[in-house]
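Let me put the sequence and the model up, and then we can walk through a few spots together.

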Amino acid sequence: MTAPDDRPAPAESGGQQPVHLPLLQIGGPAADAPSGGCGDGCGCGAADIADDDELDPLECGLDPDLAHLLTEAGLDPVHVEDVAHLAIEEDLDHGVDVTTVATVPEEAVATGDFTAREAGTVAGLRVAEAVLSVVCTEEFEVERHVEDGDRVAAGTVLLSVRTRTRDLLTGERSALNLLCRLSGIATATRAWADVLEGTGARVRDTRKTTPGLRALEKYAVRCGGGVNHRFSLSDAALIKDNHVVAAGGVAAAFKAVREEFPGVPIEVEVDRLDQIEPVLAEGADLLLLDNFSPAETAEAVALVAGRATLESSGRLTLDNAAAYAATGVDYLAVGALTHSAPVLDIGLDLRDGD
């Protein structure tokens with residue numbers, strides 16, 4: 001799945017008072033539902049399926065409203081549901097949450113607030129809801145105070161959830177692991193986007209993502225104001241140094257890809273100025289300027305003169321990002337957005353006396 005590069009600018013919440021939206025009912029009350037939170041309102045139609053029938057894993061999904069929100073965000077609800085199940089199953093390891101079962105009465109109900117412990121940009125709120133919809137055995141209520149892409153101050157309540165206390169505590173860590181990870185990526189991306197604001201350059205991610213979480217992590221980049229590079233090896237060609245060696249040269253590698261896959265966009269990595277003209281002559285769509293200095297990048301921009309899109313990679317830091325952008329390059333490729341972003345500190349707090 002390839003998501004669009006551009007996303008409408010998210011609202012900035014800063015430290016203002018949260019907007020109290022109507023409570024949303026997630027899932028249904030059916031006691032015999034095959035998965036937590038999956039009931040009469042679920043798009044899978046599980047309530048109409050006999051016990052001896054099998055569910056199609058591509059049809060049994062999340063609550064329709066939640067699935068719609070995920071789809072609007074450019075995410076596949078089936079994939080998000082799979083990730084949620086995997087996270088919960090990994091945490092339970094075919095058992096139960098022994099601490100919670102021992103300390104919390106089965107009938108207890110509580111409200112918990114997902115709260116930012118530090119300032120940052122949020123991503124993954126609907127993913128966290130998907131985790132809860134998998135683990136909750138009864139319907140639950142959510143109150144959404146901010147949206148993905150919002151900047152938040154420390155202490156901002158992001159999402160409030162009311163449900164069985166046992167379910168909320170069992171799903172807490174899995175939901176937070178994803179929410180903190182994705183929000184960390186969005187926050188790191190936002191720092192780059194802020195530096196590049198007002199220039200013609202955009203920060204772009206790479207394929208240096210966590211296996212199984214690429215779609216979510218690239219979504220987080222978009223939430224932070226960045227744009228996505230290719231999603232997979234089949235979306236577009238990227239001819240790098242090892243391909244050049246194998247093919248016998250940059251131009252030869254380009255020709256080979258164009259002949260084998262004539263309709264695929266081709267990006268070519270170059271590490272010297274003299275490699276640019278031969279590749280342009282072949283019709284390259286995009287050039288990756290690998291480890292060029294800002295001065296060399298400016299020379300490359302002048303040489304290309306708009307005949308191809310240019311992307312800088314290597315040597316990039318927040319401190320020199322503006323210098324690279326000033327050369328006229330189109331993209332700054334930053335693998336650290338996904339492979340090195342620290343998590344955003346977010347916690348879940350049960351309300352006292354609830």
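Let's start with helix H2, residues 77-92: at 1.5 Å a residue its 16 residues should span 22 Å, and the end C-alpha atoms are 22 Å apart, so the two agree. The expected span here is 1.5 Å times one less than the number of residues. Helices are DSSP runs of H or I with at least four residues, strands are E runs of at least two, and both are numbered from the N terminus.

Before I go on, this is a predicted model, where local features need pLDDT of at least 70 and side-chain atom pairs count only at pLDDT 80 or more, while totals for chains, interfaces and linings use all residues. Residues are numbered from 1 along each chain as its sequence is written, and side-chain values use heavy atoms, with hydrogens and water left out.

Back to H2. At its start, a side-chain oxygen of Asp76 comes to within 3.0 Å of the backbone nitrogen of Val78. That is a polar contact, meaning N or O atoms within 3.5 Å; within protein, one must be able to donate a hydrogen and the other to accept it, and residues adjacent in sequence count only if both atoms are side-chain atoms.

Which residues of H2 are buried? They are Pro77, Val78, Val80, Glu81, Val83, Ala84, Ala87 and Ile88. Buried means under 20% relative accessible area, exposed is over 50%, and partly exposed lies in between, with a 1.4 Å probe and protein chains only. Those buried residues pack against helix H1 (64-72), helix H4 (125-135), helix H5 (165-196) and helix H6 (214-223). Contact means heavy atoms within 4.5 Å.

Next comes Asp93, with a positive phi near 50°, in the loop between H2 and helix H3 (98-103). Asp93 counts as exposed because its relative accessibility is 58%. His94 is in the loop between H2 and H3 too, and has a positive phi of about 65° although it is not a glycine. At 84% relative accessibility, His94 also counts as exposed.

Let me zoom out for a moment. The protein chain has 12 helices and 13 strands, and buried residues make up 50% of its 354 residues. Among contacts between residues at least 6 apart in sequence, 70% join residues at least 24 apart. One example of a separation along the chain is Ala251 and Leu280, 29 residues apart, with C-alpha atoms separated by 9.0 Å. Ala251 belongs to helix H8 (residues 250-260) and is partly exposed, at 24%.

And the side chains? The structure holds 0 disulfides, a disulfide being a pair of cysteine sulfur atoms within 2.5 Å. Cys180 is buried at 8% relative accessible area, and Cys223 is buried at 0%. One ring does have a charge over it: the charged end of Arg204 sits over Tyr331, 3.9 Å from the ring centre. For that, NZ of Lys or CZ of Arg must be within 6 Å of the ring centre and within 35 degrees of the ring normal.

That's my tour, and I'm happy to take questions.
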